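This briefing goes through one protein chain, topic by topic. Please keep the sequence and the 3D view open while reading.

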Amino acid sequence: MAVAKTPDPGPTICVCLNVCLNSIREAIKSGRALTVTALAEGLGACASCGSCRPALSQFLSLFKMPEAEQ
């Protein structure tokens with residue numbers, strides 16, 4: 001029986017709600033989440049204790065496509 005290979009979720013960034021880096025990266029790159037608030041609403045990241053807010057802010061600046069490319 002073949003086992004379906006699931007994509008690597010990457011390291012967990014939001015421990016409270018188990019949100020991983022690759023989910024965050026995809027939400028930002030796709031344009032679905034371009035603010036920390038949007039990440040909280042869409043993925044749950046930073047919606048509990050808020051300790052991952054600095055990391056999410058950094059990821060937003062790293063993964064957001066430049067305006068000219070959107």
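Asn 18 sits in the loop that links strand E1 (12-14) to strand E2 (19-20). The model is a predicted one, and in it the phi of Asn 18 is positive, near 55°, although the residue is not a glycine. Asn 18 counts as exposed, because its relative accessibility is 55% and the cut-off for exposed is over 50%.

**Positive phi values**

- Most residues other than glycine have a negative phi.
- The loop between H2 and H3 holds Cys 46.
- Is Cys 46 buried or exposed? Cys 46 is buried, because its relative accessible area is 10% and buried means under 20%.
- Gly 44, which follows H2, has a positive phi as well, near 95°.

**Chain overview**

- The protein chain contains three helices and two strands.
- In sequence order these elements give the pattern β-β-α-α-α.
- Along the principal axes, the C-alpha atoms of the chain fill a box of roughly 45 × 35 × 15 Å.
- The chain has 70 residues, of which 31% count as buried.
- Taking contacts between residues at least 6 apart in sequence, 44% join residues at least 24 apart.

**Packing of H1 and H3**

- Two packed helices are described by the angle between their axes and the distance between the axes.
- For helix H1 (residues 21-29) and helix H3 (residues 53-63), the axes come within 9 Å and the crossing angle is roughly 50°.
- H1 and H3 are therefore oblique to each other, since that angle falls in neither the roughly parallel range (under 35 degrees) nor the roughly perpendicular one (65 to 115).
- The crossing of H1 past H3 is right-handed.
- Which residues of H1 and H3 meet? From H1 they are Leu 21, Ile 24, Arg 25, Ile 28 and Lys 29, and from H3 they are Leu 56, Phe 59, Leu 60 and Phe 63.
- By type, the residues of this contact are seven nonpolar, two charged and no polar.

**Helix H2**

- Helix H2 spans residues 36-43, and its buried residues include Val 36, Ala 38, Leu 39 and Ala 40.
- The buried residues of H2 pack against both H1 and H3.

- A pair of aromatic rings is described by the distance of the centres and the angle of the planes.
- How many aromatic pairs does a search of the whole structure find? The search finds one.
- That pair is Phe 59 with Phe 63, with ring centres 5.7 Å apart and planes at 15°.
- The pair counts as stacked, because the cut-off for stacked is an angle under 30 degrees.
- An α-helix has 3.6 residues a turn, so residues three or four places apart point the same way.
- Phe 59 and Phe 63 are four residues apart in helix H3, so about one helical turn separates them.
- Both Phe 59 and Phe 63 are buried.

**Phe 63 and its surroundings**

- Phe 63 lies in helix H3 and is buried because its relative accessible area is 15%.
- Leaving out residues up to four places away in sequence, Phe 63 touches Leu 21, Arg 25, Ile 28 and Lys 29.
- Leu 21, Arg 25, Ile 28 and Lys 29 are among the H1 residues that meet H3.
- Phe 63 and Glu 26 lie 37 residues apart in sequence, and their C-alpha atoms are 8.7 Å apart.

**Sequence separation and distance in space**

- Lys 64 is in the segment after H3 and counts as partly exposed because its relative accessible area is 34%.
- Between Lys 64 and Ser 30 the separation is 34 residues in sequence and 8.7 Å in space, C-alpha to C-alpha.
- Val 3 belongs to the segment before E1 and counts as exposed because its relative accessibility is 75%.
- Val 3 and Ser 61 are 58 residues apart in sequence, with 36 Å between their C-alpha atoms.

Note on methods. Residues are numbered from 1 along each chain as its sequence is written. This is a predicted model: local features need pLDDT of at least 70, side-chain atom pairs count only at pLDDT 80 or more; totals for chains, interfaces and linings use all residues. Side-chain values use heavy atoms; hydrogens and water are left out. Axes are lines fitted to C-alpha atoms, for helices over the stretch in contact, and angles run from 0 to 180 degrees between N-to-C directions. Angles under 35 degrees count as roughly parallel, over 145 as roughly antiparallel, 65 to 115 as roughly perpendicular and the rest as oblique. A crossing is left-handed if the near helix is turned anticlockwise from the far one by less than a right angle, and right-handed if clockwise. Contact means heavy atoms within 4.5 Å. Ala, Val, Leu, Ile, Met, Phe, Trp, Tyr, Cys and Pro count as nonpolar, Asp, Glu, Lys and Arg as charged, and the others, Gly among them, as polar. Buried means under 20% relative accessible area, exposed over 50%, partly exposed in between (1.4 Å probe, protein chains only). Rings of Phe, Tyr and Trp (its six-membered ring) pair if their centres lie within 6.5 Å; planes under 30 degrees apart count as stacked, over 60 as edge-to-face and the rest as tilted.
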